[in-house]
Amino acid sequence: MFLRIDRLQTELPPPRRKDPNEAAALQELLGGKYGEMSTLGNYMFQSFNFRSKAKLRPFYSLVANITAEELGHVELVSNGVAMINNGPDSEADDTGDGGDISGAPFALMKDIRSAASFLSHGGGAVPVDSNSQSWNRDFVTTTGNLVTDLLHNFHLEIGARLHKLRVYETVVDPCAREVCGYLLVRGQVHAHAYALALKKITGVNVEQMLPVPNIPADRIPECQKYLAEGSHRRLYRFSPSDYEEMRGIWGGGETALPGDPPGELEVVDGPPEGGKIHDLTGQPSAFTPDYAPEEMFEIATKLWKKSR
C-alpha cells in the first residue's frame, strides 16, 4: 500500500505568466517515453511481479521504494503543468459571474499546441506527452529477469536525464525550470542506485558510465541547491518500517559520483521535507470549479468547520 502526504517533494515557485505552450513542453516529462509515468509504471509493475522477494530482498526493496518516490514525481510534474497553464493567481478569478462567455474569452486557446489541455482538462495535467499523444503500457518493461529489469531501469533513468535536459533547454519559466532541476538530481540518484545494484549482482562497474549525457549537474543553476544539501547522496525511505534492506546497495561506504559534491551515500528515514501544494485559482468562465462557485465555497467552508 502507499502512504500519501499533502505536500510536494520540493517547493515550486509560482509561474510568472500563463503559458500553455510551455506547459505542453513540460508534459513531456510526465507522459513522454522517458517521462515520470514511464519510470513509475516500470518500477511499480516490476515490484508487483518481483520473483523471490524474500531471497533477493535488497534488490526488491530498492525497486519498491523508488516506486513510491516516482509517484511523487508524477505529482510534482502534474502540479507544475497545471500551475503554468493557470498562470499567476488572481483572487478576482474566484469571484464574480465569470464574465460574458458569449464573447469567446478563450479564443486564443485554439492556437496553442495542446488545445485539449484546456478544452478537455481545464488546464490540468494528464498522462500525455508534449504533443498530447497518450502515454501507454508499451513503455513498461517487466521481464521477471532481475539483471534485465535493472539494466532496463538504468537505461530508463539515463534516457530520462537526456529528456529533462532537453526540456530544461526549452523552457524559461522558473516554475518549469525548478521541476527540471529537482528531477535531474533525483533521476541521477536513481540511475546511480540501479548502477550499484547491477554492480553488486554482476561485478560490472556500471556507475562509471555516469553522468549520461556528460553534463555535471552543478552547471545547472536549479540543481545547485539540491547538490549543496546533499540530495544527490540520499535515498529517502518512503515507509515507516520497510525497505531497510536497500542500505546494502545504497550505502556501505559507497560514495557520490565524481564531479558531484563528495560524501557517502545514505538512506534517509522518511520522505523529504518538501513544499506546499500550490492553490490554483478557479476560473469561473472556464467552469473550473464552476461558473458561479460561491455556493460551493460556502458548503465547503461549513464542512471544513464541521471537521474541526
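This is a predicted model: local features need pLDDT of at least 70, side-chain atom pairs count only at pLDDT 80 or more; totals for chains, interfaces and linings use all residues.
Residues are numbered from 1 along each chain as its sequence is written. Local features need pLDDT of at least 70 and side-chain atom pairs count only at pLDDT 80 or more, while totals for chains, interfaces and linings use all residues, and side-chain values use heavy atoms, with hydrogens and water left out.

Trainee: How many salt bridges are there?
Mentor: A salt bridge is a side-chain nitrogen of Lys or Arg within 4 Å of a carboxyl oxygen of Asp or Glu. By this rule, the count is 17.

Trainee: How many residues apart in sequence are the parts that Arg57 and Glu245 tie together?
Mentor: The side chains of Arg57 and Glu245 form a salt bridge at 3.4 Å, N to O. Arg57 lies in helix α3 and Glu245 in the loop between β1 (234–237) and β2 (266–269), so the pair ties together parts whose separation in sequence is 188 residues.

Trainee: Is Lys199 buried or exposed?
Mentor: Buried means under 20% relative accessible area, exposed over 50%, and partly exposed in between (1.4 Å probe, protein chains only). Lys199 has a relative accessibility of 18%, so Lys199 counts as buried.

Trainee: Which residues make the nonpolar surface patch of about 380 Å²?
Mentor: Patches are made of residues with over 30% relative accessible area and no salt bridge; like charges are joined within 9 Å, and nonpolar side chains (Val, Leu, Ile, Met, Phe, Trp, Tyr) within 5 Å. Phe45, with a relative accessible area of 37%, is partly exposed. The patch is made by Phe2, Phe45, Phe48 and Leu71.

Key:
Accessible areas come from the Shrake-Rupley method with a 1.4 Å probe; for residues, only the protein chains shown count as cover. Helices (H or I, at least four residues) and strands (E, at least two) are DSSP runs, numbered from the N terminus.
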